[in-house]
Amino acid sequence: MDVSSKQIEICIPDGLLNGPMMCRWIPGGRGGGRDPSLSALIYKDEKITVNQDVPVHEGKPHIVHFQYKVTEVKTSSWDAVLSNQSLFVEIPDGLLADGSKEGLSALLEFAEEKMKVNYVFICFRKSREDRAPLLKTFSFLGFEIVRPGHPSVPSRPDVMFMVYPLDQNSSSDEE
């Protein structure tokens with residue numbers, strides 16, 4: 001499955017775009033509608049490349065693109081919205097590509113160590129047929145279910161939110 005050709009829906013919480021909950025379609029890889037001149041490389045090593053779109057308007061959230069090199073020919077891509085020391089990632093409908101677990105783990109590590117975010121939120125539609133395995137997988141990775149009414153996420157009865165809290169105090173002790 002070619003992840004770079006998929007579109008990933010990013011849900012942006014209330015207030016981030018000065019209005020009710022909005023969803024924006026973000027291309028899942030290079031090209032396909034993204035203006036590369038508005039994207040800046042913020043990190044690259046042998047396994048992970050991180051680009052951040054430069055917001056066109058002041059005060060808008062930043063869109064961050066993570067690419068994790070699973071093998072020489074396979075990458076796992078994740079797009080996220082960075083706002084208020086939190087990263088928001090919507091899991092696309094359909095089967096997750098091979099290497100997605102490793103890619104998400106690398107994203108979590110990068111978010112904690114390099115971006116210094118406090119929380120990583122994921123969300124996916126409650127109507128997904130694979131909802132139970134997703135809950136199990138993300139719980140195993142350390143995500144917790146976000147209860148409805150939580151102030152950091154929008155009120156969306158059709159969407160399941162999970163959060164990965166990052167302890168910034170312990171990450172500096174491990175270095």
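**Salt bridges, strands and a helix**

Colleague: Glu-72 first: buried or exposed?
Modeller: Glu-72 is exposed, with 69% relative accessibility, where buried means under 20% relative accessible area, exposed over 50% and partly exposed in between, using a 1.4 Å probe on protein chains only. This is a predicted model, in which local features need pLDDT of at least 70 and side-chain atom pairs count only at pLDDT 80 or more, while totals for chains, interfaces and linings use all residues. Residues are numbered from 1 along each chain as its sequence is written, and side-chain values use heavy atoms, with hydrogens and water left out.

Colleague: Which residue forms a salt bridge with Glu-72?
Modeller: The partner is Lys-69, and their closest N and O atoms are 3.4 Å apart; Lys-69 itself is partly exposed, at 29% relative accessible area. A salt bridge here is a side-chain nitrogen of Lys or Arg within 4 Å of a carboxyl oxygen of Asp or Glu, and by this rule the count comes to six.

Colleague: And what stands opposite Lys-69?
Modeller: That is Thr-75 in β6. Strand β5 (residues 62-69) and strand β6 (residues 75-83) run antiparallel and are joined by eight bridges, with a hairpin of five residues leading from β5 to β6. Strands pair if DSSP finds at least two bridges between them; the strands (E, at least two residues) and helices (H or I, at least four) are themselves DSSP runs, numbered from the N terminus.

Colleague: Which other strand is joined to β5?
Modeller: Strand β4 (residues 48-53) is also antiparallel to β5, through five bridges, and Ile-48 stands opposite Tyr-68 there.

Colleague: Why is β5 largely enclosed by the rest of the structure?
Modeller: Because six of its eight residues are buried.

Colleague: Changing topic, how many helices and strands are there in the chain?
Modeller: The chain has three helices and ten strands, in the order β-β-β-β-β-β-β-α-β-α-β-β-α. It has 175 residues, of which 46% count as buried.

Colleague: Which residues of α2 are buried?
Modeller: In α2 (residues 131-140), Leu-134, Leu-135 and Phe-138 are buried. They lie on the same side of the helix, because they cover an arc of only 100° around the axis, the arc being that of the directions from the helix axis to the C-beta atoms.

Colleague: What covers them, and what is on the face turned away?
Modeller: The cover includes α1 (100-115), β8 (119-125), β9 (144-145) and β10 (159-165), where contact means heavy atoms within 4.5 Å. The face turned away from the buried side carries Ala-132, Lys-136 and Phe-140, which are exposed. After α2 comes Gly-142, whose phi is positive, near 110°.

Colleague: Back to charges: which residue meets Asp-158 in a salt bridge?
Modeller: Asp-158 meets Arg-125, at 3.9 Å from N to O. That pair links distant parts of the chain, 33 residues apart, with Asp-158 in the loop between β9 and β10 and Arg-125 in strand β8. Asp-158 is partly exposed at 36% relative accessibility, and Arg-125 is partly exposed at 23%.

Colleague: What about Asp-130?
Modeller: Asp-130 forms a salt bridge with Arg-128, with the closest N and O atoms 2.8 Å apart; Arg-128 is buried, at 9% relative accessible area. Elsewhere, salt bridges that share partners join Asp-93, Arg-125, Arg-156 and Asp-158 into one network.
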